[in-house]
Amino acid sequence: MAPDPPQRLGERPEGKVVQFSDSGFEIAREYTPAEAPLDYDEHVGSPGEFPYTRHIRHEGYRDRMWQPALYSGFGEPADANQRFKFLLGEGNGRVSIAFDLPTQLGLDSDHPRARYEVGRVGVAIDSLRDFEVMLDGIDLETVPVTMNMNALAPVVVAMLASVAEQQDVDLASLRGTISNDILHEISCRGLTRWGLRPSMCLLGETASFVLTNMPGFYAFNVRAALLHEVGANPVQELAFAMSIALRYLDELLERGYGIDEVAPRLSLFFATSPKLFEEAAKLRAARRLWARLLRDRYGATERESLRIRTTSVACNGSHFVREDPELNLVRSALGVLASALGGVQTMVGTAIDEAYEIPSDRAQELALRVQQIIGLESDVCATVDPLGGSYFIEAMTDQIERDARELMKKVEDDWGGVDRALEEERLQTVMRDRALTLQREIEEGRRPIVGVNVHRSTAAAPPLTLHESDPEVCERRVQDLNDLKSNRNSSDVETALKVLEEAARMEGSALMSAIRQAVDVYSTIGEIAQALSRGFGNDRLLESA
Amino acid sequence: MVPSRVRVLIGKPGLDGHDRGARIVAQVLRDAGCEVIYTGTQRTPAEIASAAVDEDVDVVGLSILAGGYMGLTREVLGELAARQTDCAVVVGGTIPDSDVQTLKDLGCAAVFPVGTPLKEIVSWVTSHGRAR
C-alpha cells in the first residue's frame with residue numbers, strides 16, 4: 001500500500017496520517033516497549049552471539065570498518081586493471097570484477113551476438129591470458145577478489161586459480177567471492193546459458209572446487225540485491241534470497257558435504273534504499289533468520305555456520321534517477337547509513353551517473369568518499385548496532401523476520417519449492433507486480449522522489465562528465481583473439497575441449513578439472529561454453545536463435 | 001466504426017536480461033488498450049523484425065539498457081526494411097540526450113530515455129496505430 005500523497009517539505013497533510021513500510025506493514029506513530037521484544041538474550045543477543053541480530057562480530061566496526069567493495073570493469077583487460085588499481089588507491093578494499101555480457105554468457109568477443117556488447121558494461125574476457133593482464137600487478141596474496149559471475153562461474157574460478165598459481169600464491173591463501181548464483185539469473189537477470197540441471201551441475205562443481213581448494217573464498221554470494229532491482233520489497237527480497245540460499249545448501253548437502261563445511265562459505269548480498277531504518281531492520285532480521293534456520297532446520301551448531309556474512313549495495317541503482325543526478329549522492333549516503341546501521345561486512349557503492357552510463361572514475365571516487373565520511377566522520381562505528389534497543393527497530397526487525405518466514409513457507413508449501421516456483425515464475429510475478437505498482441506510485445506522485453515528482457530543481461545543474469566507451473574495443477579484442485589462437489598449442493586445446501565435452505556429458509565430478517585444463521591451454525571462454533553445450537546437449541542462448 | 005487497437009511489439013535486442021522497464025511499459029500499454037506482445041530478452045534483431053511482421057504490429061518498441069542502442073537499433077531498422085514493413089520503431093533505455101537525434105536520423109520515430117514519464121510513451125504509442 002502506498003502512503004498518503006507526499007507533501008512538499010514543510011506542508012501539513014490533511015486528515016489522519018498513515019505511514020507504510022516498503023514491506024507493506026503499517027508504521028505506527030510511536031513505538032514503545034510494548035512493541036519491542038522482552039527477552040534480550042533470546043531475541044536480540046549480544047553482538048557476535050547467537051542469534052547475531054546485532055552484528056556477526058563482538059567488536060562490530062569498532063576495530064574494523066566495513067570494507068568498501070565497489071565493483072568495476074569495462075573495455076579490455078588492461079582498462080579494467082587500471083580502474084581496479086585506481087579504486088584500490090582511493091580506498092576500495094578489494095577487486096570486484098564486472099564482466100561484460102558476452103563473457104557472462106560464454107561468448108567470445110568475435111561472436112556475432114557479442115556485437116555492440118564487447119567491453120560495454122564490464123570487462124571483456126576471452127581467455128586466461130586476459131585474466132593475467134586484468135590482474136597484473138595485483139597481489140592476490142593480500143587483495144581479495146570478488147567475481148560477479150554465475151553461468152560461467154567455474155571458468156573464472158579456474159582462471160583465477162591459474163593466475164594465483166602463476167603468482168606463486170597458494171590457493172589456500174586466496175580470499176574473495178564467486179557469486180555462483182544461477183537461480184538469481186533465472187529469476188532476475190536472465191544471464192543463463194544452459195537449462196536448470198546443467199546449470200546446477202556447474203554450480204555444484206564450482207562450489208566443490210572452492211570448498212576443497214580455497215578455504216578463504218566464498219563459494220556463493222546470493223544476490224538478494226537483484227531481487228530488489230526486479231521489484232521485490234524488503235520482505236520479499238529477504239524471503240526469496242533465503243529460499244535460494246537454502247537451496248544451495250541443500251544442493252551441496254546432497255553432494256555429501258556437511259552443513260558446517262558449506263554454511264560458512266555462503267554470503268548474502270542485499271539491497272538498500274533510502275528507507276534506512278527499514279533496511280537496517282531487514283539486515284538485522286536476515287542475520288537472526290539465518291541463525292535460527294541453520295540451527296533449527298540443519299542442526300548446525302558451529303558459530304561459523306550460524307553467523308551469516310552480508311554485503312550490501314549502498315544504495316541500489318534503481319533509486320538513482322536521471323534528473324538532478326548530484327542528488328543521487330545523498331541517496332548513496334542513506335544507503336551507506338542503512339548498511340552501516342545494519343552491520344554489513346562489505347559495501348558496494350552505486351555512482352551518481354547510474355542512470356546515464358557505467359560509472360566514471362570520479363563518480364566512483366565520490367561513492368567511496370561517502371562510505372569513508374560516514375565511517376570516519378560520523379559516530380556510526382562508535383558502538384555496535386547503535387539502533388539496537390530502539391523500539392521501532394526491534395519491532396520492525398521482528399515484523400520483517402515474521403513476514404519473511406511466512407513467505408518462505410508459501411514458497412515451500414504452496415509453490416512446490418524454489419525450483420518449481422522459479423519455473424512457474426511465481427517469484428518473478430510477485431516481484432514484477434510490485435515493480436509496476438511502484439512505478440505507478442511514482443508517476444502518480446504518491447511516492448515522492450525529490451527532483452522527479454516533487455521539488456524539481458530549476459537552477460542549472462552542472463553536466464556530468466560521463467565515462468566514454470571506446471568504440472574500437474571490439475576490434476582490438478578480435479585481433480587479440482586471433483593472436484591468441486595463432487600462438488597457442490591448438491592440438492592441446494582440441495584435446496582439452498574433447499575431454500571437457502565428455503565430462504559435461506557425464507555431468508560428473510570430472511567437470512572442474514576438465515575446465516581447468518581447457519583454461520590452462522588457453523581455450524577461449526566461447527570454446528569452453530560450446531564444448532559444455534555439446535556435452536550437456538543443451539544451450540538455451542544459442543539454440544533459440 | 002470501432003477503431004482497431006494499436007498493436008505493439010516490445011523487444012529486447014542484444015544480450016542484456018534486465019527487463020523491468022520493458023515489462024512495465026508493456027503492461028501500461030495493455031492497460032491503455034493496446035495489444036502488446038513482449039518478445040522476452042536476448043532476441044536478435046532478425047527475430048524481433050520477424051516477430052513484428054508475423055504479429056503485424058504498428059509499433060516496435062526496443063528496450064536497450066546496456067549501451068549498444070546505436071548498433072542494435074540500426075540492425076533492427078535494417079531487418080524491418082528488408083521485410084518491407086512500415087511499422088514505426090521507438091527506442092527506450094539508457095540513452096544520453098546527445099544521441100537522441102542520431103537515433104531519429106537513423107529512422108526511429110521516437111526515443112524515450114530512462115525517466116520518460118509513462119504517460120508520454122502511452123500517448124505517443126496510442127496515437128500511432130496504422131490505418132487498417
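Predicted model: local features only at pLDDT ≥ 70, side-chain atom pairs only at ≥ 80, totals over all residues.
Leaving aside neighbours within four places in sequence, M200(A) is in contact with I182(A), L183(A), R247(A), Y248(A) and E251(A). This residue belongs to helix α7 of chain A, which covers residues 196–213. Is M200(A) buried or exposed? Its relative accessibility is 4%, so M200(A) counts as buried.

For chain A the mean pLDDT is 95, with 97% of the residues at 70 or more. Residues 1–5 of chain A are a stretch where the pLDDT is below 50, and there the model shows twelve contacts beyond near neighbours in sequence.

Let us turn to salt bridges. Side chains of opposite charge can pair when their charged atoms come close. Over all chains, the search finds 54 salt bridges. One of them joins R476(A) to E76(A), with the closest N and O atoms 2.7 Å apart. These partners are 400 residues apart: R476(A) sits in helix α18, residues 473–487, while E76(A) sits in the loop between β3 and α2 of chain A. With a relative accessibility of 29%, R476(A) counts as partly exposed, whereas E76(A), at 14%, counts as buried.

Another salt bridge pairs E237(A) with K282(A), at 2.9 Å from N to O. What does this pair tie together? E237(A) lies in helix α9 and K282(A) in helix α11 of chain A, so the bridge connects parts that are 45 residues apart in sequence. Both residues are buried. Chain A also holds a network of salt bridges linking R288(A), R292(A), D398(A), E401(A) and R405(A).

Finally, the interface. How many residues of chain B are in contact with chain A? There are 32, and they meet 37 residues of chain A. The two chains bury about 2,600 Å² between them, and carbon and sulfur atoms give 52% of that area. L15(B), R20(B) and Q42(B) supply 28% of the area that chain B buries against chain A, more than any other three residues.

Three salt bridges cross this interface. Among them, R115(A) pairs with E75(B), their closest N and O atoms being 3.1 Å apart. On the side of chain B that touches chain A, α1, α3 and α5 each supply at least two residues. The largest share, six residues, comes from α1(B). By type, the residues of that side are eleven nonpolar, twelve polar and nine charged.

Note on methods. Residues numbered from 1 in each chain as written. Chains lettered and ligands numbered in written order. Heavy atoms only, no water. pLDDT = per-residue confidence, 0-100. Contact = heavy atoms within 4.5 Å. Helix = DSSP H or I, 4+ residues; strand = E, 2+ residues; numbered from the N terminus. Buried < 20%, exposed > 50% of the residue type's maximum accessible area, 1.4 Å probe, protein only. Buried area = accessible area lost by both parts, 1.4 Å probe. Salt bridge = Lys/Arg side-chain N within 4 Å of Asp/Glu carboxyl O. Nonpolar A, V, L, I, M, F, W, Y, C, P; charged D, E, K, R; others polar.
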